[in-house]
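My entries follow the display.

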Amino acid sequence: MARRPNPTSKEDFSFVSPILKYLLFIFNMIFWVIAMIMISIGVYARVTKHVAAMACLAVDPAILLMIIGIVMFMITFCGCVGSLRENICLLQMFSVCLTIIFLLQLASGVLGFVFSDKAREKVSEIINNAIVHYRDDLDLQNLIDYGQQEFGCCGGISYKDWSQNIYFNCSAENPSRERCSVPFSCCLHSTDEAVINTMCGQGMQDLDYVKAGVFIHTNGCIDKLVNWIHGNLFLLGGIALGLAIPQLVGILLSQILINQIKDQIELQKYNLQHQADIWH
């Protein structure tokens with residue numbers, strides 16, 4: 001009498017590499033944790049604000065951080081579960097999302113280079129919008145002050161752009177004590193200055209470029225930013241490469257794992273069919 005073969009007694013062979021599987025899982029887990037931290041920081045920064053600048057959400061660092069964190073969380077979640085459960089659907093979704101993000105980043109860089117004038121106009125629009133809401137959002141205020149101090153600039157095109165803000169506006173109807181002034185971050189500070197004079201920008205918009213240049217930075221931040229970009233192309237290229245490499249690695253690992261899972265499914269189908277043929 002023929003003895004029935006026992007599939008459990010035979011050494012199981014699998015096309016799916018455990019090293020690749022758990023490498024992709026750990027890879028996604030790292031970025032999943034980073035996404036959680038980004039979301040937490042964004043929520044904390046948003047909740048603890050004393051003033052909510054609803055009109056300026058487009059440039060709100062807290063909202064931006066939360067959006068990026070949520071997108072990262074969803075994508076890496078698909079990668080984590082997909083690799084651990086060997087789920088082709090989730091792995092395909094993970095790979096497609098990474099590919100779309102990579103192509104969008106690539107297209108943004110190319111379009112920004114080709115349509116540099118349009119990009120400059122958009123940056124100018126964002127900066128002017130930020131100037132208008134300078135006092136409405138503490139995070140935005142700190143970001144603008146940091147940028148102006150770091151680049152040694154004031155306003156978008158010039159220091160007179162601060163007249164767009166209702167507190168710094170030079171109109172006679174403006175009752176603000178900061179009328180026709182600029183933020184302290186525009187001021188020229190000496191290295192030995194122990195205490196920063198936050199009123200150093202008082203009345204600077206009433207002065208011409210030469211007189212104002214003695215006390216504050218008169219050049220706008222747009223030209224300074226453009227010059228900084230031109231002078232740091234290798235640094236920006238390195239940052240872009242650093243962002244692209246993890247995405248490409250994730251796409252490559254997920255596609256290899258998908259192919260291995262498909263091969264394993266085909267092997268299981270073949271084994272089942274072969275076992276069925278034996279008993280017929």
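Basis. I am working with a predicted model, in which local features need pLDDT of at least 70 and side-chain atom pairs count only at pLDDT 80 or more, while totals for chains, interfaces and linings use all residues. Residues are numbered from 1 along each chain as its sequence is written, and side-chain values use heavy atoms, with hydrogens and water left out.

Helices α1 and α2. I noted the contact residues of α1 with α2 as 25 nonpolar, six polar and two charged, where Ala, Val, Leu, Ile, Met, Phe, Trp, Tyr, Cys and Pro count as nonpolar, Asp, Glu, Lys and Arg as charged, and the others, Gly among them, as polar.

Largest pocket. I asked which residues lie closest to the centre of the largest pocket, and found Gly-109, Gly-112, Phe-113, Ile-229 and Leu-236, out of 26 lining residues. A pocket is an open set of points on a 1 Å grid over the protein atoms alone, where a 1.4 Å probe fits, with protein on both sides within 12 Å along at least five of seven lines, and lining residues have an atom within 4 Å of a point. α3 gives the most to this lining, with eight residues, and the lining divides into 17 nonpolar, seven polar and two charged residues.

Aromatic pairs. The structure holds eight aromatic pairs, meaning rings of Phe, Tyr and Trp (its six-membered ring) with centres within 6.5 Å. Phe-73 and Phe-77 form a stacked pair, 6.2 Å centre to centre with 20 degrees between the planes, stacked being under 30 degrees. Both lie in helix α2, four residues apart, about one turn of the helix.

Notes. Helix = DSSP H or I, 4+ residues; strand = E, 2+ residues; numbered from the N terminus. Phe/Tyr/Trp six-rings, centres within 6.5 Å; stacked < 30°, edge-to-face > 60°.
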